[in-house]
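Thank you all for coming.

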Amino acid sequence: MTTLPAAGSLRPTRTETRTLGPAEVTYEDRDRTRPFLLLHGGGGVATMTGFADLLAERTHSRVLLPTHPGFAGTPKAGHLTGVPDLARLYVGLLDELGLTDVTVLGNSFGGWLAAEIALLKSPRVSGAVIVDGIGIEVDGHPLTDISGMTPSEIRPLSFHDPAKAPVPAAGGTGPSPDVRALIGYTGPTMADPTLAGRLGELDVPVHVIWGESDGIAGPAYGKAYAAAIPTSTFTLLPRTGHLPQVETPEELLGALLDLGR
């Protein structure tokens, strides 16, 4: 893995030529403000906050981190009944903000959501990063069913080193409200049997990044995810579980920057 670059150096200098009336101008563009849309998984927005700070600080990029409607007690409109609905909502947000050249990065459920956003083929999205995503069906490598698990039961499945897991908040013993919100989008199987086939339609660069110790969706599942995408590159992160942005954020950032995305 390459040495991390200096702050603000994510995007290489680009040379562009534009025609302005009767004249043509060639210029170098040192823009360091590529926008990222970060999408959290079933663990909630707190699982992505630290990485959002790291990405923004290290690259001087614009980083958007929404809380999916229905998570963290937020309201959820009635028409948001599935992952494609949420994908369309976020493309609408990019339109509203007038953003271009957006890289969409999602972890777990957010990875599925990132794929659905890329499948909408918005000209505002230039690439996607799927980090330990879910959503496809892989023969012989099913997802671990976490729908009835408590946070303490999910933790050892999510981390190579459970000691790196955030200290859970005191409270209930059943599934967290965010897991219930997750199932509201994904259904109880947390998969769409059509997704793997539809991933073949992707035509933007996609970087699939996976933790080698993921106990929810193992590396074989991740390799199948990448194999379904013609434009994908696959990176396996050692000593990392289902939440690289929490457990090994520097390694995740390094993998992201290695491919310039």
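Let me begin with a question: is Lys121 buried, exposed or partly exposed? Please keep in mind, as you look, that this is a predicted model. Lys121 turns out to be partly exposed, because its relative accessible area is 40%, which falls between the limits of 20% and 50%. You will find Lys121 in the loop that runs between helix 3 and strand 6, and its phi is near 60 degrees, a positive value in a residue other than glycine.

A second residue to look at is His60, which sits in the loop between helix 1 (46-59) and strand 4 (62-64). His60 is not a glycine, and yet its phi is positive, at about 60 degrees; its relative accessibility is 47%, so it counts as partly exposed.

Now let us turn to the interior. In soluble globular proteins, nonpolar side chains tend to be buried together. Here the largest nonpolar core has 51 residues, and the members that touch the most others are Leu37, Ile117, Leu199, Tyr221 and Tyr225. Several elements supply at least two residues each, including strand 3 (35-39), helix 5 (177-186) and helix 7 (219-227), while helix 3 gives the most, with eight residues. Apart from this core lies another one, of 17 residues, among them Phe36, Ala52, Leu55 and Val131.

Finally, if we leave aside the neighbours within four places in sequence, which residues is Tyr221 in contact with? Its contacts include Gly133, Ile134, His141, Leu143 and Trp210.

Notes
Residues are numbered from 1 along each chain as its sequence is written. This is a predicted model: local features need pLDDT of at least 70, side-chain atom pairs count only at pLDDT 80 or more; totals for chains, interfaces and linings use all residues. Side-chain values use heavy atoms; hydrogens and water are left out. A nonpolar core is a set of buried Ala, Val, Leu, Ile, Met, Phe, Trp, Tyr and Cys residues joined through side-chain atoms within 4.5 Å. Buried means under 20% relative accessible area, exposed over 50%, partly exposed in between (1.4 Å probe, protein chains only). Helices (H or I, at least four residues) and strands (E, at least two) are DSSP runs, numbered from the N terminus. Contact means heavy atoms within 4.5 Å.
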